[in-house]
Each structure stands twice: as C-alpha cells, then as structure tokens.
Amino acid sequence: MDGYMNAVMKDIHTTLSQGPDLKVITDRVAYDLNDSIRKLHGTTTRVNLLHWFRHEFGMSSTNGIYGPANPFKDPKVEMGFWAFDDSISDLLITPRASLTCPYGDKGRANAWKGFVDYFKGDGWKQGSELVKVRQRAAAERGISDEDIGKLEVTMIIGILTNTVPTIFWAVYYVYRDPSLLAALREELSAIAIKGKDKQTGKTAWTLRQGDIRDKARLLAATIDETFRHRTCGISSRFVTEDVVLNDKYLLKQGVVCELPNNVIHSSPAYWGKTVADFDPTRFLKDPRSAEAKQARGAFRPFGGGASLCAGRHQAMSQMLGGLALFIMSSDCEPVGTGGEWKFPGAHGHTIAAAVDLPSSDLWLDVKPRGGM
C-alpha cells in the first residue's frame with residue numbers, strides 16, 4: 001500500500017482533473033458566486049474588497065467541496081481559518097503559540113474543531129468526491145477522525161490562500177484601466193445570452209462557464225497577467241547530478257535549488273521591454289512566435305512537473321467566472337481617493353503563499369453597472 005501522501009496526491013490529481021467530479025464542484029461554485037453578485041444589485045454597497053472576496057470566494061469554494069455540512073458555514077470556523085492563514089509563518093517558529101501567537105493559535109483551534117466535527121459527524125459523506133477519497137486514504141491507513149479533520153484545514157490553504165488575493169489584484173488592475181475594462185466587457189457581451197430573471201422578470205444576461213473558458217481569451221489573459229505581476233511562490237527542485245549552468249554556476253548533486261517565480265516573471269530577458277507594464281495582450285500573441293514560446297517557458301503560476309498544482313482547473317474556473325460576473329454587473333471606485341486607484345502595497349504574507357497579499361485593503365463603492 002502506498003504511503004498516505006503518495007496515495008492522497010494521486011487522488012487529488014484524479015478528482016480535480018477536468019471531468020464529472022470537478023464539474024460538480026465548479027457548478028456549485030458558479031451558482032454561489034452568482035448569488036454573491038446578486039447581493040450587490042440595486043444599490044451602492046461599500047465593501048472592503050479583500051475581506052469581501054475572502055468571504056464570498058471562501059463560501060463558494062468550500063460549499064462546492066464540502067457540501068451541505070460545510071464547516072465554513074460556522075463563522076468561527078471561517079474566521080478561524082483566516083486567522084490561521086495570516087499566522088502560519090509565526091506558528092511554524094513559535095515555541096508557545098498560545099502566548100506568542102494567540103490570534104493564530106485560537107483561529108487554528110476553531111478551524112480544527114469545525115473540521116474534526118465534520119468528519120466525526122459524517123458530514124464528509126455529503127461532500128465532493130475530493131473529500132471522500134481523502135477521507136478514505138486516511139482512514140485506510142489508521143488515521144483518526146481527529147487528525148483527518150486537522151489535516152483538512154491545511155487543504156484549505158491550497159483552495160483559498162492564492163485564489164482570493166488573485167481575484168483582488170485582478171479587480172484592481174482591470175478597474176484602474178478603463179480601456180481594459182471596456183475591452184473585457186465587449187468580449188463578454190459577445191458571449192452573453194439575453195433572457196429574463198425568473199425572480200424579477202427583468203432582462204438578465206447569462207454567461208456559460210464553457211463559453212467563458214473557451215471564448216473569453218482576453219479575460220483569461222488578464223488572470224495570467226495578474227499572476228505574472230503578483231505571484232511570489234517558490235518552486236523547489238532536488239539536484240540529481242552535478243550540472244553547470246551558463247558555463248558559470250555549479251549545482252552540486254544532492255542540493256536543493258529554489259526557483260522564485262517573481263524573478264522569472266519580472267525578467268526583461270523573457271518578457272521584453274514592457275515587462276513592468278500590465279499588458280494582458282502579451283498572452284494573446286501567436287503561440288508559434290519566438291516571443292510566445294520564450295514567455296511560455298518562463299510562466300509558472302501553478303508550478304510545474306511533480307509539483308504542478310492539482311487544483312489549477314478549479315481555481316481558474318472560479319477566478320474567470322468571478323471576474324466575469326463582477327465586471328459585467330458592477331461599476332466601482334475607491335473611497336476617499338478622488339477616484340484614483342492607488343497601489344495598496346504588496347507582500348508575500350506567509351510561507352505557504354504563492355500570490356502576494358495587499359499590504360492594505362481597498363474600500364470600494366460598488367454599484368450596478370450603468371446602462372444595465
């Protein structure tokens with residue numbers, strides 16, 4: 001029998017590959033995100049953007065994965081996870097977390113309790129196939145429900161820690177550039193289907209997930225360019241034999257080589273003179289061109305090889321759908337800046353993060369899109 005990690009990684013890649021198991025998750029996520037956007041209809045709403053996406057993306061993702069008994073429905077569990085996520089680096093090095101990192105320690109305990117109760121109470125049986133195969137792999141190896149629940153809290157890091165700041169940054173980059181916003185709305189308008197809202201009888205527009213995925217090329221390029229600017233993850237590789245790079249650098253067998261994404265993603269050698277510009281069209285060039293081939297080899301938002309992110313399909317589906325719904329339905333502007341989109345600062349907030357967190361959140365006034 002495979003060890004737990006080998007077995008569970010195979011199961012994660014299988015259930016999150018494109019197919020019926022993933023579709024169950026992405027369909028639920030899409031419905032929940034649509035409901036989230038509905039809450040913004042009809043009035044001007046002041047939102048703290050990162051906080052809003054943490055809750056709405058968090059609930060849609062966890063509802064899709066954990067089902068009707070989703071522990072995140074308990075605010076203590078939801079807030080506990082984010083306290084844990086914000087404090088991971090401190091928790092890893094602190095000798096007495098209850099004294100030196102009480103915020104993160106208490107949050108972790110609340111998140112643990114919610115997921116331990118979920119597995120002890122058989123809530124997982126109504127969850128997605130992803131949850132079921134992970135539970136089975138653990139139970140077959142004698143891992144207790146207590147430890148399965150605690151392990152599951154770390155799974156949520158992969159589910160939420162990077163998608164939430166990515167959609168935050170995507171909204172920031174799109175709305176600060178009126179020409180990009182207009183181009184995206186034009187692209188999405190071409191695939192939107194006109195109909196009537198069943199509840200209000202008013203005109204409503206439908207965006208199908210498949211059309212967004214297959215036809216909204218600028219939208220996908222916008223997410224990719226957001227990744228290029230804001231990924232801070234590091235890929236690690238074990239050197240299996242002595243090798244000299246560029247006739248200059250010796251990597252000895254047995255050492256670990258660290259590859260920081262932000263260095264590769266910000267190098268003019270790969271991205272040209274416009275490397276500092278936010279320009280999604282760089283991802284729309286002819287894939288056969290020398291430029292596109294060079295950039296493709298230097299673009300690693302989801303890692304690669306043995307460490308390629310298993311959840312990349314689910315993550316892209318959620319981010320594309322969420323961004324499409326938001327920009328098609330809403331106008332927004334920053335509060336207290338005279339309409340200027342000021343850069344909020346950025347930092348890689350924890351050792352587990354692959355995308356920068358903003359140093360400060362953005363307060364926005366969000367209102368129904370004009371003319372809609």
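Student: Which residues does I327 touch, not counting residues up to four places away in sequence?

Tutor: A contact means heavy atoms within 4.5 Å, and by that rule I327 touches V174, Y175, L181, L184, R185, L188, L219 and R369, with residues up to four places away in sequence not counted. Please keep in mind that this is a predicted model, where local features need pLDDT of at least 70, side-chain atom pairs count only at pLDDT 80 or more, and totals for chains, interfaces and linings use all residues. Residues are numbered from 1 along each chain as its sequence is written, and side-chain values use heavy atoms, leaving out hydrogens and water.

Student: Where is Q318, and is Q318 buried or exposed?

Tutor: Buried means under 20% relative accessible area, exposed over 50%, and partly exposed in between (1.4 Å probe, protein chains only). Q318 sits in helix α16 (residues 312-329), helices being DSSP runs of H or I with at least four residues, numbered from the N terminus. Q318 counts as buried because its relative accessibility is 1%, and its contacts beyond four places in sequence are V29, L33, F57, S60, S61 and T163.

Student: How should I read L92 and C309?

Tutor: L92, in helix α4 (residues 75-93), is exposed because its relative accessible area is 58%. C309 lies in the loop between α15 (290-297) and α16, and counts as partly exposed because its relative accessibility is 28%.

Methods. Helices (H or I, at least four residues) and strands (E, at least two) are DSSP runs, numbered from the N terminus.
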